[in-house]
Amino acid sequence: MNSPPDLNRIAGLYPWMEAVTFGPWLSWCRAGFLGEMGHCRRALVIGDADGRFTARLLGANPEVEIDAVDTSTAMLRALIRRAGRNAARVRAYCVDARLWQPANPPYDLVVTHFSLDLLTTDEVRALAEKLRGVVSPSALWVVSEFEVSTGLFGRLVAGPVVAGRYLGLQWLADLAFTTLPDYRGALGEAGFALQRRRRWLGGLLSGELWRTAEARNLPPA
Ligand SMILES: C[S@@+](CC[C@H](N)C(=O)[O-])C[C@H]1O[C@@H](n2cnc3c(N)ncnc32)[C@H](O)[C@@H]1O
């Protein structure tokens, strides 16, 4: 197992780097299914970095309690700070999600925004299999990820953008690999089914709502 990337040294810069490279688009993508999370009570948020999404979820849903998992102490400190007066509803776990034993199941919401792409396909599958055992039957899993489509846009725009992101993460955070995992295949094999999907920036960003396979025919969340 590779060491997880070390984002401690860029924690303070992270929101600025994002603003310069993607403007508001990542934030719009993260919030794409926020409106569907109003009924959720116990959420697991993996790799939310400085906690901008966590703060929004806490603000939008006054009853949700959140387990936040991240390997970076600096990011988790920022996440708790950003949660402000809602911080009492957050439990922070500074641990590698690949090794973590979920602490407060069952979860009715899992959130991974732009963090599955720091794992290999096998690691995403193993994580999803572990989470399948600790989510409620009607749980939601909200995923945001980059996507490189096969057409011209993929070759000329999305491919270079994603390659640039991986190069940056290799350089700044010692990330050990450079390709997007097949997270859709991995989630499907672990017993989750894609229910809805939204795209931003011509398909470069994909926001997805997954449910357990047995809940796939339930009305949209
Ligand atoms: C690229 S950042 C992005 C995240 C943020 N959710 C966003 O939407 O911009 C990935 C985050 O996941 C954390 N991370 C990376 N690998 C991890 C792992 N194996 N377990 C837990 N957290 C991890 C990093 O420390 C970082 O905070």
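**Questions on a predicted model**

The place of Pro-106 in this predicted model is the loop between S3 and S4.

Me: Which residue does a cis peptide bond join to Pro-106?

Reply: Most peptide bonds are trans. Here, however, omega is about 0 degrees, and the bond is cis. The residue joined to Pro-106 by this bond is Pro-105.

Me: Is Phe-114 buried or exposed?

Reply: Phe-114 is found in the loop between S4 and H5. Its phi is positive, about 50 degrees, although Phe-114 is not a glycine. Because its relative accessibility is 7%, and the cut-off for burial is under 20%, Phe-114 counts as buried.

Me: Which residues are in contact with Cys-29, leaving aside its neighbours within four places in sequence?

Reply: Cys-29 is found in helix H2, residues 25–30. With 2% relative accessibility, Cys-29 counts as buried. Leaving aside neighbours within four places in sequence, the residues in contact with Cys-29 are Phe-114, Ser-144, Trp-200, Leu-205, Ser-206 and Gly-207.

Me: What distance separates the C-alpha atoms of Cys-29 and His-113?

Reply: Cys-29 belongs to helix H2. Along the chain, Cys-29 and His-113 are 84 residues apart. Their C-alpha atoms are separated by 8.7 Å.

Me: How many bridges join strand S6 to strand S7?

Reply: Strand S6 covers residues 192–200 and strand S7 covers residues 205–212; the two run antiparallel. Within this pairing, Arg-196 stands opposite Leu-209 in S7. The number of bridges joining the strands is eight.

Me: Which residue takes a positive phi in the hairpin of S6 and S7?

Reply: Four residues lie between the strands of this hairpin. Most residues other than glycine have a negative phi. In the loop between S6 and S7, a positive phi near 50 degrees is found in a residue other than glycine. With 28% relative accessibility, this residue counts as partly exposed, and its name is Leu-201.

Me: Which residues are in contact with Arg-216, leaving aside its neighbours within four places in sequence?

Reply: Arg-216 is found in the segment after S7. At 48% relative accessibility, Arg-216 counts as partly exposed, and its C-alpha atom is separated by 22 Å from that of Arg-30. Leaving aside neighbours within four places in sequence, the residues in contact with Arg-216 are Ala-193 and Gln-195.

Me: What covers the buried residues of H4?

Reply: Helix H4 spans residues 73–83, and its buried residues are Ala-74, Met-75, Leu-76, Ala-78, Leu-79 and Ala-83. The helix is followed by Gly-84, whose phi is positive, near 55 degrees. What covers the buried residues of H4 includes helix H1 (14–22), helix H3 (52–60), strand S2 (65–70) and strand S3 (90–94).

Me: Which element gives the most to the lining of the largest pocket?

Reply: The largest pocket has a volume of about 830 Å³. The elements that give two or more residues to its lining are H1, H2, H3, S2, strand S4 (107–113), helix H5 (121–132) and helix H6 (152–173). With six residues, the element that gives the most is H6.

Me: How many nonpolar residues has the lining of the largest pocket?

Reply: The largest pocket is lined by 47 residues, of which Leu-7, Tyr-14, Leu-118, Arg-165 and Leu-169 lie nearest its centre. By class, the lining has 11 polar and 10 charged residues. The number of nonpolar residues is 26.

Definitions and conventions. Residues are numbered from 1 along each chain as its sequence is written. This is a predicted model: local features need pLDDT of at least 70, side-chain atom pairs count only at pLDDT 80 or more; totals for chains, interfaces and linings use all residues. Side-chain values use heavy atoms; hydrogens and water are left out. Buried means under 20% relative accessible area, exposed over 50%, partly exposed in between (1.4 Å probe, protein chains only). Contact means heavy atoms within 4.5 Å. Two strands pair if DSSP finds at least two bridges between them. On a 1 Å grid over the protein atoms alone, a cavity is a set of points where a 1.4 Å probe fits but cannot get out, and a pocket is an open set with protein on both sides within 12 Å along at least five of seven lines; lining residues have an atom within 4 Å of a point. Grid points are joined across faces, edges and corners, and a volume is the space filled by probe spheres set on the points. Ala, Val, Leu, Ile, Met, Phe, Trp, Tyr, Cys and Pro count as nonpolar, Asp, Glu, Lys and Arg as charged, and the others, Gly among them, as polar.
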